[in-house]
Each structure stands twice: as C-alpha cells, then as structure tokens.
Amino acid sequence: MADYKDISVLIVDDNDMTRETLRVILRHDGYNVVGEALDGDSALEMATRLKPDIILLDVVMPKVSGIEALKSIRMVMHDVFVLMVTANTDQEVVAEVVKSGIGGYIIKPFNAKKVLDAVEKVVDKVRANRKQKAANSGVNWSTKVVSWTRIFLRNEFRNNAKKV
C-alpha cells in the first residue's frame, strides 16, 4: 500500500451512507480524511478552514448544489483538486462542471477500486503542485536575496565614493 498520509481529503455529500463509504475506503488506504460536509454551504466553509488537497463533492445536494459549491470554492481555492461524485451522467451537467475545473469524476454506484483509482490520479497532481510551489518559493527567495544584495552594494559604493 502506498503512503497517502500527506494527502488531505474533504468529503461532501448529503447522503450519510455515501460519506461513510467514502471515508472508510479512503482511510483504509491511508488517506487523511480531514472533514465531512452535508451540503454546499458547509463545503465552502470547511474547505476554506481545513484547506484539503482533494475534495470529493456530490453534485446534487440540498441548499447549495455541488456545482454552485464548486464555483464558490474555485473563487477562493485555486489549487484544490475536486472530484465530482454523482449518479448524474447528463452531458450538460458534465460539461458545466468540467468548465468549472474538476480533477475528475466518480460515478455512483462506485466501488473501492473506482474511488481509489480516481483519487490516485489526482494525488500525483497534488504532489507535483507541491514540488512546483516549493521550487518557486526558493526561486523567489533567491531573487529577493540577489536584489537586496545589489541594493546594499550600490548603497555601500555610493557611501564609500562620498568619503573619497
């Protein structure tokens, strides 16, 4: 079994049995399930508070649909990967969520293999994003150090020139 403890997952579904099934499948495989939400409103609140790597998001829910929740989540969390969980294979719905930037689909009814395969495809992207961010932060830091050094040396040169 691979190591997925570093991958945090938020499960959003109004059906208790679906949430429990997803939680058991993911935890059994070593994923860090950080929270569960019952609707789109609580999905947005929990996602911004918990900052999961992956969100499993049901499409049809009371109050705020998964599609609306996805749009709201995307406005504040650009890097989170969202997998839509749905029994709905209507092409219009699929097209709408794809435009909103999903990482994949899990079609109900599902089994453990389907869930784990879909999540695993996103795990590679999560880890690649982390590496890219780490590399970018290093570049940004060294760029700042070089800039500060140039400013310091320029000022030192000016101060020494005035003394001579």
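The following legends describe close-up views of selected side chains in a predicted model.

Residues are numbered from 1 along each chain as its sequence is written. Local features require pLDDT of at least 70 and side-chain atom pairs count only at pLDDT 80 or more, whereas totals for chains, interfaces and linings use all residues; side-chain values use heavy atoms, without hydrogens and water.

**View 1. The aromatic pair of Tyr4 and Tyr31.** The structure holds one aromatic pair (rings of Phe, Tyr and Trp, the last by its six-membered ring, with centres within 6.5 Å; planes under 30 degrees apart are stacked, over 60 edge-to-face and the rest tilted). The ring centres of Tyr4 and Tyr31 are 4.3 Å apart and their planes lie at 5°, so the pair is stacked. Because Tyr4 belongs to the segment before β1 (8-12) and Tyr31 to the loop between α1 (16-28) and β2 (32-37), the pair ties together parts that are 27 residues apart in sequence. Helices (H or I, at least four residues) and strands (E, at least two) are DSSP runs, numbered from the N terminus. Tyr4 is buried at 6% relative accessible area, and Tyr31 is buried at 4% (buried is under 20%, exposed over 50% and partly exposed in between, with a 1.4 Å probe and protein chains only).

**View 2. The surroundings of Asp13.** Asp13 occupies the loop between β1 and α1 and is buried, with a relative accessible area of 1%. A polar atom of its side chain lies 2.8 Å from the backbone nitrogen of Asn15. Beyond its neighbours within four places in sequence, Asp13 is in contact (heavy atoms within 4.5 Å) with residues including Thr18, Asp58 and Met61. Asp13 also forms a salt bridge with Lys108, with the closest N and O atoms 3.1 Å apart (a side-chain nitrogen of Lys or Arg within 4 Å of a carboxyl oxygen of Asp or Glu). Lys108 lies in the loop between β5 (104-107) and α5 (112-163), 95 residues from Asp13, and is partly exposed at 22%.

**View 3. The salt bridge of Asp53 and Arg130.** The closest N and O atoms of this pair are 2.6 Å apart. Asp53 lies in the loop between α2 (40-50) and β3 (54-58) and Arg130 in helix α5, so the pair ties together parts 77 residues apart in sequence. Asp53 is buried at 16% relative accessibility, whereas Arg130 is partly exposed at 32%. A network of salt bridges links Asp6, Asp53, Arg127 and Arg130.

Definitions and conventions
Polar contact = N/O pair within 3.5 Å; in protein donor to acceptor, adjacent residues only side chain to side chain.
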